[in-house]
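Biologist: I would like to learn how to read a protein model. Could we go through one together, feature by feature?

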Amino acid sequence: MFFIITLPLSVEVQLFLGIFVLIAMQLAKVVPGTLGRVTFLSLGGILVGRYVYWRVTQTVPPIESLYDFVPGVLLLIAELFCILMFFLSALIVSDRYERPRRVQRSDEDAPTVDVFIPSYNEDPSLVACTIAAALNMDYPKDKFRVFLLDDGATDQKLNAPDPAAAREAHERGAEMKRICKDLGATYLARPRNEHAKAGNLNYGLAHSEGDLVVVFDADHAPAREFLRETVAYFSEPKLFLVQTPHFFLNPDPVERNLRTFDVMPSENDMFYGMIQKGLDKWDATFFCGSGAVLRRTALNEVGGFSGVSITEDCETALELHSRGWKSAYVDRPMIAGLQPETIASFIGQRSRWCRGMLQILLLKSPLFKSGLNFMQRVAYLSSALFWLFPFPRLVFLLAPMLFILFSMKIYIASPQEFLAYTVTYIFAVITIQAGIYGKLRWPWISELYEYVQSIFLFPAIISVLMNPRAPKFNVTNKGETLEKEQLSVLAWPYIVLFAVMVFTTGVLFWRIENDPGQAALLTVVGVWQVFNLLIAGAALGTVLERKEVRTAPRVRIQRNATLQLRDEMIPVTLREANTNGVLMQLEQPPASGNILGESGELSFASKGSFFHDANGDGAQAEKQSIKVRIASQRAGNSGLLLGAGYTDSVANCATASSELVFSDLTIPRALHNRKLAGSSVFGGTARILRWAVLYGLRIPIVAFLTLLRSGMRRKPAETEQHLPQSVLTPAE
């Protein structure tokens, strides 16, 4: 590769060489297996390496002109960082591991398990659903316990100086204790809120004794199969972790505001569907905070969960990997979680991840940490360095504007050289992304997500670099609702930056028309500027928060049930469910006529729970029942559709939800897998262009009409069992 990229060839021959390698990449892409993938990546590496050699040796402005040299070097550093990350990620995913499935079928030799559900300020009904789903897991009942680790009612909070805060903690603690008692879970609250989530988990470790420890976030409910599909891997004595993918029932705010959740692969699909498999090959899969099983003896060896950084999950895995313990990744979604509903909550969550991973980079130094092998160092370094992406993203945003507005020559190249080196390099990167991540990430979506995050993550990075020990753990809000469509509270920086870019683009076209000597170079820079403008315009669509009155996403199901209304028993088919109610289908209208507002009882069989009748005639499914109220009705294609809200106790509602929504994720997984389809570069470009035009015109008008009003009127998540009809009205 070094020989090829340093050949002293003419620009024309370099262009021919680039085209030849691009064609060879297309041929290598169709070769199956690891050999084809490594060949494909190596060919792409030739074009990337050739571009780096050319950039470093021929395009940097002379040092005599500091006006051009300083921003030129910053741009080069940003590019080199991205290329470094390209090679690191290519190395990690070049040989992915598809781990064989193992199932714990024997009950006699099954290890004991303690299930931890750390909680802070989440809605009690949400936490109750996770507890009920955990208790509903298929595993010997005498071999696992479920613990609620309530950090919202510690002694410190119960005795807070603020009477209102203390009263709120007392009320929360009493309700959580009642929920745990009704469901059969163990309630724990520690004396003080120290070391955030890591301290809470360590308190749970000190008050339990199971061989294995399972961690579920309060909004991550497990399927019945979770323990059966994970604990069997611990027959390997040095295994400390089995991590499973995070699977979400609701869209993140980018997906929701752009309305892509039902058709586009989710942002986390690339990480859990590809990168974690690559990490697993190199024994570098790390703990992701939830949906994981850990060995207690391994945790005890390092003093429990690490709490130096605010990303205790990755930090704990780093410590255990450095001591020779091994990890595993099981690519089977078995938990159903919730994502942040608003851009503000989304940015807050990503800011915590960003600051925590940079803390690990600065305070734990994975590249030099003893005990790690070479690929583990590469893996942890790549995972931490990734969160520096706001630096190159903002540099790439500003660089063309500096040339257009101030004539800074920070990238010395002729149009012919740009075509021979830069364009072929860009095509190589696009080809590699499509070849590796094509079904998991659509073209330009990574750029969109990174732009949305960069504006607010950049100051977070600076704060960590200045004081690595300063960041504090913040809980991400879930279950937020919006009464109407409105701009996010974080919208204005995006709007202002978009306006500046529109102005700069106008200057660009003016200069092309009036400065013919620079027209060719301005055209090259203009392509870069217009691309940035399109991404910024599309991003405006993400800060227009869509109206959302539901506090829980609906999940498609297929269950037979019986609805009792007055003295009538009505067979129904359950079509959708959430933690607040169900949508059911009736083949025939009820005899009593209009039943809107009627109360009744819904009964259904529990999957996986059986008993033998008195005559010993065989196993029968246990029945569950829940009190409901009919909130909506309409005619469907196959009969009458009824929306019913739960009106039972919190514990009974949680038990019903755990059975209907979370016990079997077959249908949600199938619907999600349908989205894992590729998109062409042309289709991705057209999509970004459409969003940019639509929202680039609409959002400034919305901003003007709201008279610079950025506040959002937001209401908390509903906690009452009697929910408004709009929550349960089925979608068309």
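**Reading the model**

Modeller: Start with Ile436. Apart from neighbours within four places in sequence, Ile436 is in contact with Phe40, Leu41, Val93 and Met274. Contact means heavy atoms within 4.5 Å. This is a predicted model: local features need pLDDT of at least 70, side-chain atom pairs count only at pLDDT 80 or more, and totals for chains, interfaces and linings use all residues. Residues are numbered from 1 along each chain as its sequence is written, and side-chain values use heavy atoms, with hydrogens and water left out.

Biologist: Which residues have the most contacts inside the largest nonpolar core?

Modeller: The general idea comes before the case. In soluble globular proteins, nonpolar side chains tend to be buried together. A nonpolar core is a set of buried Ala, Val, Leu, Ile, Met, Phe, Trp, Tyr and Cys residues joined through side-chain atoms within 4.5 Å. Buried means under 20% relative accessible area, exposed means over 50%, and partly exposed is in between (1.4 Å probe, protein chains only). Here the largest nonpolar core has 90 residues, and Met25, Phe287, Phe305 and Ile436 have the most contacts inside it. Helix H4 (residues 66–93) gives the largest share of this core, ten residues. A second, separate core has 74 residues, including Ala218, Leu239, Ala561 and Leu642.

Biologist: How do I read a pair of helices? At what angle do the axes of H5 and H7 cross?

Modeller: Two packed helices are described by the angle between their axes and the distance between the axes. Axes are lines fitted to C-alpha atoms, for helices over the stretch in contact, and angles run from 0 to 180 degrees between N-to-C directions. The axes of H5 (residues 124–135) and H7 (residues 163–183) cross at roughly 25° and come within 10 Å. So H5 is roughly parallel to H7. The classes are these: under 35 degrees is roughly parallel, over 145 roughly antiparallel, 65 to 115 roughly perpendicular, and the rest oblique.

Biologist: Is the crossing of H5 and H7 left-handed or right-handed?

Modeller: A crossing is left-handed if the near helix is turned anticlockwise from the far one by less than a right angle, and right-handed if clockwise. The crossing of H5 and H7 is right-handed. Pro124, Val127, Ala128, Ile131, Ala132 and Leu135 of H5 make the contact with Glu175, Met176, Ile179, Cys180 and Leu183 of H7. By class, that contact of H5 with H7 has ten nonpolar, no polar and one charged residues. Ala, Val, Leu, Ile, Met, Phe, Trp, Tyr, Cys and Pro count as nonpolar, Asp, Glu, Lys and Arg as charged, and the others, Gly among them, as polar.

Biologist: How do H15 and H19 cross?

Modeller: The axes of H15 (residues 390–406) and H19 (residues 519–540) come within 9 Å and cross at roughly 140°. Therefore H15 is oblique to H19. Their crossing is left-handed. The contact residues include Phe396 and Phe403 of H15, and Trp528 and Gln529 of H19. The contact of H15 with H19 has eleven nonpolar, two polar and no charged residues.

Biologist: Now backbone angles. Which value does phi of Arg259 take?

Modeller: Most residues other than glycine have a negative phi, and most peptide bonds are trans. Arg259 has a positive phi of about 60° although it is not a glycine. Arg259 lies in the loop between helix H9 (253–258) and helix H10 (269–281). It is exposed because its relative accessible area is 61%. Ser407 also has a positive phi, near 60°. Ser407 sits in the loop between H15 and helix H16 (415–437). At 30% relative accessibility, Ser407 is partly exposed.

Biologist: Is Ala420 buried or exposed?

Modeller: Ala420 is in helix H16. Its relative accessible area is 0%, so Ala420 is buried.

Biologist: How far apart in space are Gly645 and Val628?

Modeller: They are 5.4 Å apart, C-alpha to C-alpha, and 17 residues apart in sequence. Gly645 lies in strand S19 (residues 639–646). Gly645 is buried, with a relative accessible area of 7%.

Note on methods
Helices (H or I, at least four residues) and strands (E, at least two) are DSSP runs, numbered from the N terminus.
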